[in-house]
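Dear colleague,

I am passing on the structure we spoke about, with some notes on what turned up when I went through it. Please keep it open beside this message as you read.

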Amino acid sequence: MTHWPGLKKLLGGDVPRGAAAPHMGSRESPAKPLPEDAIALVPVRNMVLFPGVLAPVTIGREQSVAAAQEAAQQERRVGFLLQRDPTLDAPKPEELYWVGTAGQILRYVTSPGGAHHLVVQGQTRFRVLEFIEGWPYRVARVAWIDEPGDTTPEIEARFLQLKQKAVEAVGLLPHAPDELAGMVESVDAPGMLADMVANLLDVKAEEKQALLETFALEARLDRVLELLSQRLEVLRISKEIGDQTKKAFGDRQREHVLREQMRQIQKELGEDEDGSAELEALQKAIDSAGMPEDVAKHAHKELKRLQRMHEGSGESSMLRTYLEWLTELPWALEPQQPIDIAAARRVLDEDHYGLDKVKRRILEYLAVRKLAPEGKSPILCFVGPPGVGKTSLGQSIARATGRVFQRVALGGLHDEAEIRGHRRTYVGALPGNIIQAVRRASSRAGVLMLDEIDKLGMGGFHGDPASALLEVLDPEQNATFRDNYLGVDFDLSRVLFIATANVLDTIPGPLRDRMEIIQLPGYTEEEKLEIARRYLVMRQLEANGLTAEQAGLTDAALSAIARDYTREAGVRNLEREIGAVLRSVAMRIAEGNAATLPIVIDAGDLHAILGARRFENEVAERTSVPGVATGLAWTPVGGDILFIEATRVPGKGKLILTGQLGEVMKESAQAALTLAKRLLDDPLDTIDLHVHVPAGATPKDGPSAGVAMYLALVSLLTGQPVSSDVAMTGEISLRGMVLPIGGVKEKVLAALRAGIRSVMLPRRNQKDLEDVPAEARERLEFVWLDRVEDAVACAIGELPPLKQAA
């Protein structure tokens, strides 16, 4: 505040010099008067007093109070010096600036709290020459610095420019008094204007002290102009922002008024008042959904359409449902928990026994995601027989990665709209199963299992669902997946897709090419025992209301169930039979027939509970006669053994094939017969040969039965039986070569389950032995075949003279 006309009235009116606060008390003047060139000093913090400026000052230090009281009583001026360090309570002379302003105390008030408040008017600059002692307050000899009175054209030009900018700045101040601009206009002294503007500038105290110490008027005007120009630019930007805010607020007010009028009109028309609240809720949901800019723009456009529709129209209901779908989808990517590889490994080991290859692939994915969080998720496809843990493995992956798990059943799906969604033009239209699963998960980074992808329905006039899945399962495309119902792009790139299948043959090639295939073959008997011991028994105990202290099964009982009552690649039937055993125990306990607890079931108790054994080891019996060979086959539910039976009757050299053989097996039988004729050097035109594969109700096909058919024919024609503990697989050529086949692991495990001791395989399949469990490799003997003669030597032995056998 500056000493110009009318300003004192703003501070409460003129105060007569010498007036003091009622609580100041009276004190006698010191006996030792101050020298003529000396002045009492008051150190101040964070404020600079300028000449001609009226300013409030609050003091509390004892020396400062003494100096102020003495100056007020004696009507003397007091000097104000800025501290260099505002935190000091007793600054030394060298810790003060030596240039200050002398001011007259116009008002002195003591508050009830003990603080002393002054209203001071600055008068003259001074420079400290020396500090002197002998008074109860600081005293210094000073040199007075007068304001230069001469003006030059340069000073006048700067004075006019400063006055113009000061008036503009006052106009930009939000709460400036109306008379402030007039006061600025009335100032006619350049030095006074410079000091007044310097006092009003929002700069640091050190900057103001530098202006106070600038005695040259032209330099002072230049510095004040520079600081005011910077402040003026800030004020202009602030005013522009304020105007924009005011305009936006005005638009919102206008919209609010119009909406209120619309509500009143709707109320007069008798329309539902709840509709407005629902529309407001939709508006808030759209704003808070975190949609991309283009999707949010589309949603707001549809909301405006909805606001113009009548409540009872059918299209209004459809549009409301559509907007609810948009707002409930997880558009924003939620923060993911830190990836802990060791914890994930522990979760996978807790939930599943074995499956080391699958676990390693999942941990590799987690390691890559930890190092590259923005990378794309892989598309995994677990292929294996039923009951090997494909679906439960997906749930374990979700738990290990800290994600939400959702499952989509694809078996029998025949409509493309079930994947891509229905167009909104249809009544009852909904998004596809993929978007529905993402909505249920409420996460863009969940684990989505596409179950039974090999059982998708064939494409027809409803479209091809397998083709619709191509976009979903392509990491390069699913970041912009477009559901027909939504009509906007949705990012699926962070979803971890896991497909399951029993066979690969029925999955279209382009779809199979987009997935990383991971085979889950069947379990060995020892693996089944370990799985039953760790998981199945405990699960069935809980399912039947039992505890480990009430019932249990011995390892011998579990092995007998797996061997004699189930013959499968997985453990689904094994768990079912364990449940049957435990139900019988539960019944005994519930009836009170249990003499002691726990009731432990051994292998000898199974006959009374499960009945007679369902599977016998019939290999030795079936192969004890010439003309029977044991083959190995691959099926969608795992491997199995296959008996090839051959006999001869009088005839004309015909080959009779029965057992629902496919075209490939029929051709293998014909090739085997041709090789047998060449071996025997006999056209066999006086007999008919009949080859039969039992289980005639089951269709059979594939090229891998060539070796078994050849050995069955050679055994029949030579009268030498095939070894009962040998099983074989392999395709043959007319040159007698044994060609490689597939499904080695499944076939080897089937041979192990059937009690086979020796397995004959094509030599070119030797590399596939790595996939066979170590336990199976140790318990079986493997014979590698290059030609059919190697198979004869291993399974039959040395042949008698061929002419006699013929």
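By the distance rule applied here, the count comes to 41 salt bridges, and please bear in mind throughout that this is a predicted model.

Salt bridges

One of these pairs is formed by the side chains of Arg 220 and Glu 147, which meet at 3.1 Å, N to O. The pair links distant parts of the chain, since Arg 220 belongs to helix α7 (residues 217-268) while Glu 147 sits in the loop between β6 (138-145) and α3 (153-172), 73 residues apart. Arg 220 is buried, with a relative accessible area of 2%, whereas Glu 147, at 35%, is partly exposed.

A second pair is that of Glu 577 and Arg 614, whose closest N and O atoms are 2.8 Å apart. Glu 577 counts as buried at 11% relative accessibility, and Arg 614 counts as partly exposed at 43%. Returning to Arg 220 and Glu 147, salt bridges that share partners join these two residues with Arg 125 and Asp 195 into one network.

Within helix α18, the side chains of Arg 534 and Glu 530 meet in a salt bridge of 2.9 Å, N to O; the two are four residues apart in that helix, and are therefore separated by about one helical turn. Here Arg 534 is partly exposed, with a relative accessible area of 41%, and Glu 530 is buried, with 16%.

Glu 527, also placed in helix α18 (residues 525-543), is buried yet has no salt bridge, the nearest side chain of opposite charge being that of Lys 745, 6.5 Å away. Why does that distance leave Glu 527 without a salt bridge? A salt bridge requires the nitrogen and the carboxyl oxygen to be within 4 Å, and Lys 745 is 6.5 Å away. Not counting residues up to four places away in sequence, Glu 527 touches Tyr 353, Gly 522, Pro 773 and Glu 775.

Helix packing

The axes of helix α11 (residues 341-351) and helix α13 (residues 390-401) come within 8 Å and cross at roughly 150°, and α11 and α13 are therefore roughly antiparallel to each other. The crossing in which α11 passes α13 is right-handed. Ala 344, Val 347, Leu 348, Glu 350 and Asp 351 are the residues of α11 that meet Ser 396, Ile 397, Arg 399 and Ala 400 in α13.

Backbone points to check

Leu 597 and Pro 598 are joined by a cis peptide bond, with omega about 5°, and Pro 598 is placed in the loop between α20 (572-591) and β15 (599-601). Glu 75, in the loop between α2 (62-74) and β3 (78-82), has a phi near 50°, which is a positive value in a residue other than glycine. Leu 684 likewise has a positive phi of about 50° although it is not a glycine, and is found in the loop between α23 (663-680) and β19 (687-692). Glu 75 is partly exposed, with a relative accessible area of 47%, while Leu 684 is buried, with 7%.

How values were computed: Residues are numbered from 1 along each chain as its sequence is written. This is a predicted model: local features need pLDDT of at least 70, side-chain atom pairs count only at pLDDT 80 or more; totals for chains, interfaces and linings use all residues. Side-chain values use heavy atoms; hydrogens and water are left out. Buried means under 20% relative accessible area, exposed over 50%, partly exposed in between (1.4 Å probe, protein chains only). Lys and Arg count as positive and Asp and Glu as negative; His and the chain ends are not counted. Contact means heavy atoms within 4.5 Å. Axes are lines fitted to C-alpha atoms, for helices over the stretch in contact, and angles run from 0 to 180 degrees between N-to-C directions. Angles under 35 degrees count as roughly parallel, over 145 as roughly antiparallel, 65 to 115 as roughly perpendicular and the rest as oblique. A crossing is left-handed if the near helix is turned anticlockwise from the far one by less than a right angle, and right-handed if clockwise.
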